[in-house]
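Biologist: I have a new model to learn from. Could we walk through it together, step by step?

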Amino acid sequence: MVGRIEDDPVVKVEDLSVRFGDFTAVDGVSFEVYRGEIFGFLGPNGAGKTTTIRTITTIQKPSGGKVLIDGHDISDDFIEARKRIGIAQQHISLDVELTVRQNLIHHAMLHKIPKKDMERIIKEKSELLELGDYMDRKAEKLSGGWKRKASIVCAILHEPTVLFLDEPTAGLDTHSRHLLWDLIRNLNASGTTIFLTTHYIEEAESLCDRVAIIDHGRLLKTGSPEELEQEIGPVTVEDAETGNCVQFPDMDAANDYAASLGGRYHTIRRTTLEYVFLAHTGY
Ligand SMILES: Nc1ncnc2c1ncn2[C@@H]1O[C@H](COP(=O)(O)OP(=O)(O)OP(=O)(O)O)[C@@H](O)[C@H]1O
Ligand SMILES: [Mg+2]
């Protein structure tokens, strides 16, 4: 991360709600993503992560609330907001009738990349995820992982101010996952703000400056992994028989509790973000 600026949010979400009929998928959510940070959105299936991202990125209409992208309101300053956004959706939105190269050209045109730069930019960005051999294949013929990589390259062509990646590593093999982590870190190091979701909590812990935990459409917690771990207690005792996890402020307190388990098998570990997630969502 290069110089996170806390009083300079690139994404500002205020009291955002999204309803589908009488079901509320996003329920009065407020948070900020600071310029230059990697921000992770964590939550169980159906928590409202994708709906929130689709709404912030102007794909889904909000039912209430306000979203500013780099100071531009997505409802009345749509064009300026949209220019600054890159989005790779969870449900990949390539044009399956087109080749990877044609999809990339289409995105480049949508984002008004000058014709004279297009070929060079497409070549440079597609090399970052090693799309080379797949550039002239029809998108419909690609495996899930290659589709995902192509959709991520589409999202970064215009060098967005803030890049939204909804479960970008889902379905990627180990090599591709490492390529993508490098890409995320490099983009971030050169100033791109990143907003990602993932079900791999360890991935969030290693990549993210701050995370938000969402469940049932409501934001439960926001903070750095370290802050959230300290808040519930930095030492965890896990009862192997019941699976019950309890946090403590220090080893002495953890050892006292472990002794009270009456010889039941247990482990004592540093509290990780995984335990924070479990403590707040119950999953
Ligand atoms: N277009 C829609 N119409 C009706 N309900 C919807 C629609 N889109 C999402 N939902 C519902 O909104 C809730 C939140 O869905 P969302 O896709 O945002 O969850 P998520 O946190 O991204 O989950 P996952 O981890 O499975 O991707 C779910 O209950 C889902 O069924
Ligand atoms: Mg989702």
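Modeller: A residue counts as near a molecule if its C-beta atom, placed from the backbone, lies within 6 Å of it. Keep in mind that this is a predicted model.

Biologist: Which residues surround ligand 1?

Modeller: The 6 Å cut-off picks them out. The residues around ligand 1 are Phe-20, Phe-23, Ala-25, Gly-43, Asn-45, Gly-46, Ala-47, Gly-48, Lys-49, Thr-50, Thr-51 and Gln-90.

Biologist: Which element gives the largest share of the shell around ligand 1?

Modeller: Strand S2 (23-35) and helix H1 (49-56) each give two or more residues to the shell. By class, this shell has 4 nonpolar, 7 polar and 1 charged residues. The largest share is 3 residues, and the element that supplies it is H1.

Biologist: Is strand S3 (residues 38-42) largely enclosed or largely open?

Modeller: A residue is buried if 20 or more other C-beta atoms lie within 10 Å of its own. From S3, Ile-38, Gly-40 and Leu-42 point one way, while Phe-39 and Phe-41 point the other way, and all are buried. That is 5 of the 5 residues, so the rest of the structure leaves S3 largely enclosed.

Biologist: Which residues stand opposite Gly-40 in S8 and S9?

Modeller: S3 runs parallel to strand S8 (residues 193-197), joined by 4 bridges. S3 also pairs with strand S9 (residues 210-215) in the parallel sense, over 4 bridges. Opposite Gly-40 stand Leu-196 in S8 and Val-211 in S9.

Biologist: Which strands stand at the edges of the sheet?

Modeller: The sheet is open, with 6 strands and mixed pairing, in the order S6-S7-S8-S3-S9-S10. An edge strand here has a single partner, so one of its sides is left without a neighbour in the sheet. Those at the edges are strand S6 (85-88) and strand S10 (218-223).

Biologist: Which residue stands opposite Ile-214 in S10?

Modeller: S9 and S10 run antiparallel, and 5 bridges join them. Across from Ile-214 stands Leu-219.

Biologist: Which helix lies across S6 and S7?

Modeller: Two helices are worth a look. H1 packs on the sheet and touches S3, strand S7 (162-166), S8 and S9, with its direction at about 150° to that of S7. The one lying across S6 and S7 runs at about 175° to S6, and is helix H5 (residues 144-156).

Biologist: Which element gives the largest share of the side of domain 1 that touches domain 2?

Modeller: The protein is divided into domain 1 (5-228) and domain 2 (231-281). Here 14 residues of domain 1 are in contact with 9 residues of domain 2. Helix H7 (201-207), S9, S10 and helix H8 (225-232) each give two or more residues to the domain 1 side. The largest share, 4 residues, comes from H7.

Biologist: How many Å separate the centres of domain 1 and domain 2?

Modeller: The centres are taken over C-alpha atoms. The separation is 34 Å.

Biologist: Is Tyr-265 buried or exposed?

Modeller: Tyr-265 sits in the loop between helix H9 (251-259) and strand S13 (266-270). Beyond its neighbours within four places in sequence, Tyr-265 is in contact with Ala-240 and Glu-241. Tyr-265 has 9, so Tyr-265 counts as exposed.

Notes
Residues are numbered from 1 along each chain as its sequence is written. Chains are lettered from A and ligands numbered from 1 in the order in which they are written. This is a predicted model: local features need pLDDT of at least 70, side-chain atom pairs count only at pLDDT 80 or more; totals for chains, interfaces and linings use all residues. Ala, Val, Leu, Ile, Met, Phe, Trp, Tyr, Cys and Pro count as nonpolar, Asp, Glu, Lys and Arg as charged, and the others, Gly among them, as polar. A residue is buried if 20 or more other C-beta atoms lie within 10 Å of its own, exposed if 12 or fewer, and partly exposed in between; C-beta atoms are placed from the backbone. Two strands pair if DSSP finds at least two bridges between them. Two residues are in contact if their C-beta atoms, placed from the backbone, lie within 7 Å. Axes are lines fitted to C-alpha atoms, for helices over the stretch in contact, and angles run from 0 to 180 degrees between N-to-C directions. Domain bounds come from an automatic or database domain assignment.
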